[in-house]
Amino acid sequence: MATLLPSPPKVGMVSLGCPKALVDSERILTKLRADGYGLSPDYAGADVVLVNTCGFLDSAKEESLEAIGEAIAENGRVIVTGCMGNEAEAIRARFPSVLAISGPHQYEAVVGAVHEAAPHTPSPYMDLVPEAGLKLTPRHYSYLKISEGCNHRCSFCIIPSIRGDLVSRRPDAILREAEKLVAAGTKELLVISQDTSAYGVDIRHQPREWHGREVRAHMTDLTRELGSLGAWVRLHYVYPYPHVDNVIPLMAEGLVLPYLDIPFQHASPSVLKAMKRPANEAKVLERIHRWRDICPDIAIRSTFVVGFPGETEADFDYLLEWLDEAQLDRVGAFRFEPVKGAPANDLPDPVPEAIKEERYARLMEKTAAISAAKLRAKIGRTLDVVIDAVDEDGGATGRSKADAPEIDGEVHLRDAAGLAQGDIVRAKIENTDAHDLFGVPVA
C-alpha cells in the first residue's frame with residue numbers, strides 16, 4: 001500500500017536590497033528547506049511570507065514598507081527581517097498584523113518565527129536540501145559572503161549601526177562553502193562583505209587548517225585559495241588598503257578575475273574629509289596606474305556620491321578631472337540622500353536638488369564616454385564570456401570577466417545556438433555601445 005506523504009508548509013520570500021541581503025535570504029531558505037519546509041513562488045501558495053528588508057536609504061525603506069504592505073494584502077501572514085527590522089516600532093505602527101520582526105543576519109530568530117507561525121511535522125521522505133543550499137541566483141554564479149558589519153564610520157552611512165562592527169567568518173568555513181558551491185555547478189564566485197579588504201582584522205588573521213595546510217583569515221590568502229577551486233572569483237567592496245597590491249599579481253596569473261570593485265565615493269579631498277573617508281586620491285591614481293602595468297586587463301568599477309553637503313562646483317570639477325585620469329571601466333553614481341541617523345544630515349551647506357540632478361547627469365555623461373572608448377578598444381579581441389541567458393532565435397547574453405551580474409555591462413552574442421546558461425565560451429567582439437559588447441562565439 002502506497003504511503004501518502006503530507007504536504008509541508010510552504011514559505012514565500014521577498015528579498016530586497018544588496019547582494020549581502022540576498023545571501024541572508026539564501027541562508028534562511030536553506031535552513032527552512034533543511035527543516036522540511038516547501039517554497040512557494042507566489043503569495044497564494046504560501047503559508048507564511050518572509051520579507052527581507054533594506055534600510056540603507058529612506059527610499060529603500062519606503063520600498064520595504066510597500067513590499068510588506070503588498071505581502072499582507074495578498075497573503076496576510078507576514079514575517080519581517082533584514083536591515084529595516086531594527087525599526088520594529090515603525091513597521092508595527094504601519095502594519096500591526098505582522099507576525100514577527102527581526103534585524104539583519106538574525107537567522108535563528110527568523111527560522112523560529114516561521115516554525116511558530118507555520119508548524120511543520122518532520123518527514124524523512126521530504127526533508128531534503130541540496131548540499132550547496134538553496135539559491136536565489138542562477139545556478140552558475142553565487143555570492144560568497146566572507147564577513148558581516150564594518151569598522152568604518154563614514155558620515156553618510158548607517159550600516160555599522162544596523163549590522164554592527166566587522167565580524168569575519170573563519171577561512172575554512174568560507175572555503176568549505178565555496179567548494180560545495182563549485183561542486184554544485186557554480187562557475188563564478190562573487191566575494192562580498194561590507195569591507196572585503198578588512199577581512200580577518202577582527203580575528204587577527206587567525207589561520208585555520210584547510211586540506212592539510214594553514215590558511216590565514218586574510219584577503220590575500222583567501223583569494224589565492226578561492227582561485228584554486230576552478231571557478232571565476234570576483235572581488236567586490238574592496239577598500240584600497242596597501243595589501244590590495246598583493247592581489248593584483250594573482251589576477252595577472254589568471255588565478256582570480258582581473259576585476260576590482262572599489263567604492264571610492266568621491267575624489268575631492270574636502271568632500272572625502274566630510275565623508276570621513278580616506279583622502280589620498282593622488283596616491284590612489286598612482287596605484288591604479290601600477291596595477292594596470294602589472295595586469296593590463298584589470299577592470300575597475302566604482303560608485304560615487306554627487307551633491308554631498310558642502311560639495312562645491314570646484315569639488316565636482318575635481319571629481320570629473322580625477323575620473324579623466326583614472327579611466328575607470330565601470331561607474332555607478334548616487335545623488336546624496338539623507339538617511340535617518342547618519343551624521344552627514346547635520347552638515348552645513350546642503351546641495352539643492354536641481355544641482356544634484358545636473359551634476360549627476362554630467363558625471364554619467366563623462367563616465368559613459370570613458371566606458372564607450374574603453375569598450376571600442378576591445379573590438380576584434382577574443383574574450384571569455386559566461387552565458388547568463390539564451391533565446392529562441394539563436395542569440396545569447398553573457399558577461400566578460402570585466403562584468404559583474406546586474407551592475408555592469410553585458411555581451412550579446414549572435415549565432416549562439418547550442419549554448420546553455422552557465423557555459424563559458426570564447427567570443428570575438430565585433431561591435432560595442434557605451435556599456436555593452438556585441439560579438440559571436442568562436443571555436
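Visitor: How many disulfides does the structure hold?

Guide: The structure holds 0 disulfides, a disulfide being a pair of cysteine sulfur atoms within 2.5 Å. This is a predicted model, in which local features need pLDDT of at least 70 and side-chain atom pairs count only at pLDDT 80 or more, while totals for chains, interfaces and linings use all residues. Residues are numbered from 1 along each chain as its sequence is written, and side-chain values use heavy atoms, with hydrogens and water left out.

Visitor: Changing topic: at what angle do helix 11 and helix 12 pack?

Guide: Helix 11 (residues 313-326) and helix 12 (residues 353-376) pack at about 10 degrees, and their axes are 10 Å apart. Helices (H or I, at least four residues) and strands (E, at least two) are DSSP runs, numbered from the N terminus. Axes are lines fitted to C-alpha atoms, for helices over the stretch in contact, and angles run from 0 to 180 degrees between N-to-C directions. The two helices, helix 11 and helix 12, are therefore roughly parallel to each other; angles under 35 degrees count as roughly parallel, over 145 as roughly antiparallel, 65 to 115 as roughly perpendicular and the rest as oblique.

Visitor: Which residues make that contact?

Guide: Among them are Phe316, Leu320 and Leu323 of helix 11, and Arg359, Leu363 and Ile370 of helix 12. Contact means heavy atoms within 4.5 Å.

Visitor: What does the side chain of arginine 359 make a polar contact with?

Guide: The partner of arginine 359 is the side chain of glutamate 311, at 2.8 Å. A polar contact is a pair of N or O atoms within 3.5 Å; within protein, one must be able to donate a hydrogen and the other to accept it, and residues adjacent in sequence count only if both atoms are side-chain atoms. Arginine 359 is buried, with a relative accessible area of 5%.

Visitor: Where is threonine 137?

Guide: Threonine 137 is in the loop between helix 4 (107-117) and strand 6 (141-145). The side chain of threonine 137 makes a polar contact with that of lysine 135 (2.6 Å).

Technical notes: Buried means under 20% relative accessible area, exposed over 50%, partly exposed in between (1.4 Å probe, protein chains only).
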